[in-house]
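Subject: Structure handover

Hi,

Here is the structure for you to look through. Please open it alongside this email; my notes follow.

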Amino acid sequence: MAVTQRRGRKIMMAPAELDEFLATQRTCRVATVSADGAPHVSPLWFVWDGTSLWLYSITRSKRWADLRRDPRVAVTVDAGEDYGELRGVELSGTVDFVGEAPRTGEPAPELASVEHLFARKNFGLDEMPHDGRHAWVRLTPESIASWDFRKLASS
């Protein structure tokens, strides 16, 4: 996936900066398309594996129903309070559903590294706790836009 950000190249994150940012942030905002075409935005924890953004969603949520019907999504991860420290990433594309839904912990080699990353990042555990209510959605972005306003100070 090529990053084709035309505007804001001066404040765009380099690939290593983007990876570090997505590896350390916890909450994203997921925008889906509702049945009537209206946007629906909801917060969610995520994990980034260097290529894809993995979302662990409740399967009885509006977000899950929206994505099952229309897998197009936009996700924003951002941080900062003051203008000069704002930074973030917008990722968009079409999601894939991976593994059992809901996830009960059946062996799934394709999820082993993702679940380890997610469990360490969000729970401080080595193994993923499964509750039979969540399942995995993978976004391998078709487009990425990023910004880091802290770079403006060094311009």
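R120 is partly exposed, with a relative accessible area of 43%. (Buried means under 20% relative accessible area, exposed over 50%, and partly exposed in between, with a 1.4 Å probe and protein chains only.) R120 forms a salt bridge with D126, and their closest N and O atoms are 3.3 Å apart. A salt bridge here is a side-chain nitrogen of Lys or Arg within 4 Å of a carboxyl oxygen of Asp or Glu. D126 is exposed, at 52%.

This is a predicted model: local features need pLDDT of at least 70, side-chain atom pairs count only at pLDDT 80 or more, and totals for chains, interfaces and linings use all residues. Residues are numbered from 1 along each chain as its sequence is written, and side-chain values use heavy atoms, leaving out hydrogens and water.

The salt bridge count comes to 10. One of them joins R150 and D148 at 2.8 Å, N to O. R150 is partly exposed at 42%, and D148 is buried at 5%. Salt bridges with shared partners also link K62, D66 and R69 into one network. Within it, K62 and D66 meet at 3.5 Å, N to O. They sit four residues apart in helix α2, so about one helical turn separates them. K62 is partly exposed at 41%; D66 is buried at 2%.

Helices (H or I, at least four residues) and strands (E, at least two) are DSSP runs, numbered from the N terminus. Which residues of α2 (residues 62-69) are buried? They are R63, W64, D66 and L67.

Now strand β7 (residues 143-148). I144, S146 and D148 point to one face and are buried. β7 pairs with β5 (residues 87-98) in the antiparallel sense, over six bridges. Strands count as paired if DSSP finds at least two bridges between them. I144 is the bridge partner of L91.

Last, L55 in strand β3. L55 is buried, at 1%. Its C-alpha atom lies 9.1 Å from that of V30, 25 residues apart along the chain. L55 touches several residues, including V30, L44 and W136. (Contact means heavy atoms within 4.5 Å; residues up to four places away in sequence are not counted.)

Best wishes
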